[in-house]
Amino acid sequence: MKKILISLAAAIFALTAGAQEKRMAVVETSTCYMRLQPDYESALETQELMGTIVEIVSEDGYWREIVSPQPYKAWTTEKTLVEMTPEQIKEYEETPKYIFTAQHGHVYTTPTNSNPDIICDLVGGDVMRVAPKVKGSPSPSGKHGRWVEVMLPSGRRGWVLKENVRLLGERTDIRMGDTAEGLVSAEKMEAVIRAAYALQGVPYLWGGMSSNGVDCSGLVRICFLMNDIMLPRNASQQIKCGKEIEVPRKDTEGVTEAQVKESYDAEKARTAIRNLGRGDLIFFGNTETGRITHVGIYLGGGEFIHASHLVRVNSLIPGSENYYENAHRLIRACRLW
């Protein structure tokens with residue numbers, strides 16, 4: 001019995017020590033590239049944006065293995081992060097912040113249009129602290145004409161055009177298993193769709209989740225994130241959020257995918273989409289196994305927006321001018337609004 005108690009005490013101590021030693025950091029650069037291995041030639045797994053809090057779980061030279069809120073575990077370099085103590089993280093979390101709402105931009109050294117020096121670049125969704133008032137600033141109030149003063153995770157101060165930022169609101173975290181309607185308001189859903197339209201033409205990038213390049217689920221996640229809604233990262237995770245909407249597909253039963261594609265016509269397409277509403281997430285995959293491989297946002301009228309080669313609007317109806325060549329692979333849908 002004594003040995004059991006000692007072992008239990010040791011286990012509790014180890015867990016407590018591990019919790020106390022947890023290393024936290026905040027993304028400092030506009031885009032944090034997270035790779036499968038600690039090597040620049042390694043595959044891009046995903047991205048995180050400036051202001052995101054991550055956990056450092058291991059290191060290899062100047063590489064840091066991090067766990068992001070997506071959730072995702074992968075490698076990035078130390079220069080993209082600012083490591084903070086638990087107290088600093090708490091202070092960071094409680095500080096008011098701006099979110100960058102334009103697709104691209106910069107943080108400048110001074111609030112002027114006369115060729116100011118650039119501190120860093122920005123992409124849509126980046127988060128920066130509202131710079132606290134300080135003596136000696138070009139504007140102690142933190143505002144100067146068309147400009148607002150911001151503070152990067154490292155503490156460096158700079159200026160951003162106020163038309164390109166808004167105060168960050170409280171974020172709604174939608175997790176796998178949150179399978180109800182009304183998780184997102186209809187108004188927010190329209191804002192998500194507008195964010196997707198704004199990314200039209202952005203090239204496809206495997207693992208991408210920014211206006212520099214997106215993959216299909218990265219497009220969905222960044223458009224929701226821009227509107228203070230956090231979704232899981234991958235399509236296979238996103239399908240587990242919200243209320244599932246039936247996609248009637250009798251033509252997939254007992255036949256090969258090639259046969260499904262060959263027999264897919266406008267009538268079958270209209271049957272498949274009859275239950276869909278504007279803003280639904282629609283999922284494509286293997287019609288034989290049900291494995292999810294692609295996601296888009298339904299717009300209504302048989303059209304949807306997605307990242308395939310580039311961010312574009314396509315139709316699910318055969319014969320349409322902008323018909324999507326893989327529309328026959330539509331197998332599932334979910335509704336968050």
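Which residues lie nearest the centre of the largest pocket? In this predicted model, local features require pLDDT of at least 70 and side-chain atom pairs count only at pLDDT 80 or more, whereas totals for chains, interfaces and linings use all residues. Residues are numbered from 1 along each chain as its sequence is written, and side-chain values use heavy atoms, with hydrogens and water left out.

Thr52, Ile53, Pro69, Arg171 and Met230 lie nearest the centre of the largest pocket, which has a lining of 30 residues. Strand 3 (44-49), helix 2 (86-94), strand 16 (172-173) and helix 4 (216-225) each give two or more residues to this lining. A pocket is an open set of points on a 1 Å grid over the protein atoms alone, where a 1.4 Å probe fits, with protein on both sides within 12 Å along at least five of seven lines; lining residues have an atom within 4 Å of a point. Helices (H or I, at least four residues) and strands (E, at least two) are DSSP runs, numbered from the N terminus. The lining of the largest pocket comprises 15 nonpolar, seven polar and eight charged residues (Ala, Val, Leu, Ile, Met, Phe, Trp, Tyr, Cys and Pro being nonpolar, Asp, Glu, Lys and Arg charged, and the others, Gly among them, polar).

The second largest pocket is lined by 23 residues, with Tyr204, Trp206, Cys216, Thr293 and His294 nearest its centre. Strand 22 provides the largest share of that lining, three residues. Nine nonpolar, nine polar and five charged residues make up the lining of the second largest pocket.

Tyr108 belongs to strand 9 (residues 104-108). Beyond its neighbours within four places in sequence, Tyr108 is in contact (heavy atoms within 4.5 Å) with residues including Pro116, Trp147 and Trp159. Tyr108 and Trp147 are 39 residues apart in sequence, with a C-alpha to C-alpha distance of 9.9 Å.
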